Amino acid sequence: MNYKTYVQALSLMESLNEAAVILGDNASESITEEIRDTCIEALQALLQFCEDCDESLLWQIKDLLQSMAAMDIADPCAVLLQGKANEAMKLLQKQDFTAKVLFLSFMPSTWLALEPVYKAFAEDKRFEVQTVITPLLRAKTGGKDIIYSDYLSPKGVDVRHYSDYEFAFERPDIVFTNNPNDLDTLPKFLAKNIASYCDKLVYVPYFSMHGTTESTLAAYFGTYVHSLSWRIIVQSEELQRLYMKYSRFPEEKVLPLGTPKTDCILQAMKEPPALSGDWEKKIKGRKVILFNSHFGSLPYDWNMTYYNDIFETGARGDVAVIWRPHPVTMENIEVNAPELKPVYEDMLKRADDSPNIILDCTVDYLPAFIYSDAMVTTPSSLMCEYLVTGKPVLGQYDHKAYVNATLDRLIDDQKAFYQYDRMPCAEFVDNILAGRDMLKERRMRETERFFVLDGGRVGQSVKDRIVRDMSDLV
């Protein structure tokens, strides 16, 4: 029985129970006859709803129907009818329901936030799971470009093309999204439209939040996606408290179950992805430093220390480097700082040509996480997710300015990350080579406080909780 039918059947059954009580109140003969006839119609509808249910439930409904049809108007036998109706309700509540579940993927680099939840639902035969990659809209002179690519089919995900999916026809019971912005896509995939067809929108953030500032409050807590979602999945109880502070959502709406993508990291640590020949050649058994640069960290003069460190570290003979530039950095430069495009293109070419630097522009960051020994990074949610590996991180940002600008800190960055202003990159690399990690114990404690890891079962826990909440509603 699908979920919508299940809800209707329970509603009918509840009304039948109420009718049985009224019949026992010695109502007038005309009222009793009217209620009886209505109950018979409802039971006939209920039989159709429950045609695929257990035989015991079908027998109970048929028995109740026969009792209603044979009822003496002058003597309703309400006690008997109530007993049969109650028994039918109990049997109905034990029935499993099926549901249509839709996953909307925002960008290639964000799919990991949904993948463990998708797998948990896809492995359960009660659910019809569909996935749609929502196209991105990018402004251009005279209009907008539609940007779309199918990056999930190679992963074994059955993808419906966005042009073939219509909410009015499909009527999904649950919709999962990882797009917090509710913009840059087609109108039919905006939260307001989804909510008009499905009242169970579940938002799973694709990024980890390490703090709030005045400028981020609206984006973190106040978009249409936040307000229209039925459930929001967050990384920790501390973040749940911030939602209570800034959004005033009911507590049951914001579930501190963890970030599902941490499942992927832990699984990759157990079963490392294959190492490509080019990577193996450049690593050569040496220690590896992962440089991660956010799309907002452009190669202006004041940021060049970080970029210079990439090439100075790559020039050392005792380590290898993986550089992961953010996938939309070039787009950001073209729109906001076109004068930097030649500079950035030159850096990409130098890195690609280097015998010791791996330029990793792939969607999947897990190989870089697994095959590196430490990370050097500009501010990014990936610096927090890297903590799951247990490896050290050097953060390149102004610590004092960060603290002054932050309203709420979800992680103590001095315990979790080494700081550029206290430890130059070369010293950090030397420590990695020597096996020195002074922050290790404090960093691990911060990681446990920052993330609910649930032993790598966050995706399963999200699925179980959503299904339980759906059942509780009815």
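1. A salt bridge here is a side-chain nitrogen of Lys or Arg within 4 Å of a carboxyl oxygen of Asp or Glu. The model is predicted. By that rule, the count comes to 22 salt bridges. Side chains of opposite charge can pair when their charged atoms come close.

2. Start with Glu 170 and Lys 100. Their side chains meet in a salt bridge, 3.1 Å from N to O. Glu 170 lies in helix α6 (residues 167-170) and Lys 100 in strand β1 (residues 99-105), so this pair ties together parts that are 70 residues apart in sequence. Lys 100 is partly exposed, at 21% relative accessibility. Glu 170 counts as buried because its relative accessibility is 7%, and the cut-off for buried is under 20%.

3. Glu 170 also forms a salt bridge with Arg 160. The closest N and O atoms are 3.1 Å apart. Arg 160 lies in strand β5 (residues 159-160) and Glu 170 in helix α6, so the pair ties together parts ten residues apart in sequence. Arg 160 is partly exposed, with a relative accessible area of 22%.

4. Next, look at Lys 245 and Asp 408. A salt bridge joins their side chains, at 2.9 Å from N to O. Lys 245 sits in helix α10 (residues 237-246) and Asp 408 in strand β16 (residues 408-409), so the pair ties together parts that are 163 residues apart in sequence. Which of the two, Lys 245 or Asp 408, is buried and which is partly exposed? Asp 408 is buried, at 12% relative accessibility. Lys 245 is partly exposed, at 49%.

5. Finally, a network. Salt bridges link Arg 231, Arg 465, Arg 468 and Asp 469.

Methods: Residues are numbered from 1 along each chain as its sequence is written. This is a predicted model: local features need pLDDT of at least 70, side-chain atom pairs count only at pLDDT 80 or more; totals for chains, interfaces and linings use all residues. Side-chain values use heavy atoms; hydrogens and water are left out. Helices (H or I, at least four residues) and strands (E, at least two) are DSSP runs, numbered from the N terminus. Buried means under 20% relative accessible area, exposed over 50%, partly exposed in between (1.4 Å probe, protein chains only).
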